[in-house]
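Here is a short note for someone opening this structure for the first time. Please read it with the model in view.

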Amino acid sequence: MATHYLKERTLHPVYELAADLMIDFRSLSRPGDVSHRLPGASTKIQPLYGSTTLPAYHRDMEQALTWLREAQSICVLTGAGVSAESGIPTFRGEGGLWRRFRAEDLATPEAFATDPKISWEWYDWRRQVIAKAQPNPGHLALVELERRVPTFTLVTQNVDGLHHRAGSRNVIPVHGDIWTVRCLECAYSHKDERAPLPEIPPRCPAAAVLLRPGVVWFGESLPVEPWRAAEAAAGKCDLLLVAGTSAVVMPVGGLVGKARHAGARVIEINADQTRISNTVDLSLRGPFGDILPQLLSAVPIQHAQEIKD
Ligand SMILES: NC(=O)c1ccc[n+]([C@@H]2O[C@H](COP(=O)([O-])OP(=O)(O)OC[C@H]3O[C@@H](n4cnc5c(N)ncnc54)[C@H](O)[C@@H]3O)[C@@H](O)[C@H]2O)c1
Ligand SMILES: [Zn+2]
């Protein structure tokens, strides 16, 4: 296994220190809700700029549209926030709590080894939430963006498969796939989209050995080939869009610095301030599902090409 995996998946130290102090956008809990509402609030959050800074938002948006128009090679890095408007909770904040557990404490090899049943109950619950969710307008805008730019790569930390379901083609899911189950001992690996699962914890058909979800846990290494492809895409793009991620999970958060050092422009799209907001070229504050369709409008439709398989 060690030869196929590279670099441990860890939280950024800044996050570990400040975890409980971070203000987080509360994720949505109703599957299929694409109305961009903050739970508990009745106001629409578009855009998240006060009236005094609205001109700044428009100026930033104009700049972003210009860069989108100029870009020949775009890499997009997405995180849990892009699925929040589809009703899938993020890890941080209220929506990240399940029973009395924090997501970060459940998504580890230790948690699974200690109590595989609890761990699988959590994954089974997440799979049921995801099964009911639909791609939102932001996911769909990325599908169309892929058709319109010559080179496009979508690197996602999400395990929900919504980019694929929306129709994106060149997707690199660096943290794996929640619908894959694989054996702890043999090579058995299988797509199982039943939600709920009939038996918890599920077992390998070859023996009575436990199956695990096909995701990368905290403390584990990333699969080598997807990670290399993600690094290559970030290192050679001329525009990196970083959407809906707190960018605290490493090594993926490091792709932002890699792209910048290679000379790419970096635009962040996030509902909230993050640790990278002050280091990127532009930070657009607002919901992914509203901002991505606006950005798409900058890229001329006549460049649209048949998607290459
Ligand atoms: N849908 C999923 O597959 C899913 C869900 C939860 C967690 N995860 C996993 O958890 C890890 C968490 O790291 P992460 O950085 O992806 O997520 P995170 O939970 O750390 O951060 C979510 C980010 O999204 C932002 N956000 C929330 N709603 C938004 C919206 N509507 N529009 C724009 N931004 C919004 C928040 O401000 C925050 O910065 C990832 O590695 C991922 O594998 C995946
Ligand atoms: Zn097996």
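Predicted model: local features only at pLDDT ≥ 70, side-chain atom pairs only at ≥ 80, totals over all residues.

1. Six strands form an open sheet in the order E7-E6-E3-E12-E14-E15, and their pairing is parallel. Its edges are strand E7 (171-173) and E15, each of which pairs on one side only. From one strand to the next, the twist averages 15°.

2. One pair within the sheet. E12 and E14 run parallel and are joined by 5 bridges. Leu241 has Ile267 in E14 as its bridge partner.

3. A helix on the sheet. Helix H8 (residues 224-236) packs on the sheet, where it touches strand E3 (73-78), strand E6 (151-156), E7 and E12. The direction of H8 makes about 130° with that of E7.

4. A mostly covered helix. In helix H10 (residues 288-296), 7 of the 9 residues are buried. These are Phe288, Gly289, Asp290, Ile291, Leu292, Leu295 and Leu296. What lies over them? The cover includes helix H2 (54-70) and helix H6 (137-148), together with strand E12 (239-243), strand E14 (265-270) and strand E15 (282-285). E12, E14 and E15 also belong to the open sheet of point 1.

5. The ligand surroundings. Around ligand 1 there are 27 residues, of which Gly79, Gly81, Thr90, Asn158 and Thr245 come nearest. How is this shell made up by class? The shell around ligand 1 has 12 polar, 11 nonpolar and 4 charged residues.

Notes: Residues numbered from 1 in each chain as written. Chains lettered and ligands numbered in written order. Near = placed C-beta within 6 Å. Nonpolar A, V, L, I, M, F, W, Y, C, P; charged D, E, K, R; others polar. Buried ≥ 20, exposed ≤ 12 C-beta atoms within 10 Å, placed from the backbone. Helix = DSSP H or I, 4+ residues; strand = E, 2+ residues; numbered from the N terminus. Contact = placed C-beta atoms within 7 Å. Pairing = 2+ DSSP bridges. Axes fitted to C-alpha atoms, helices over the stretch in contact; angles between N-to-C directions.
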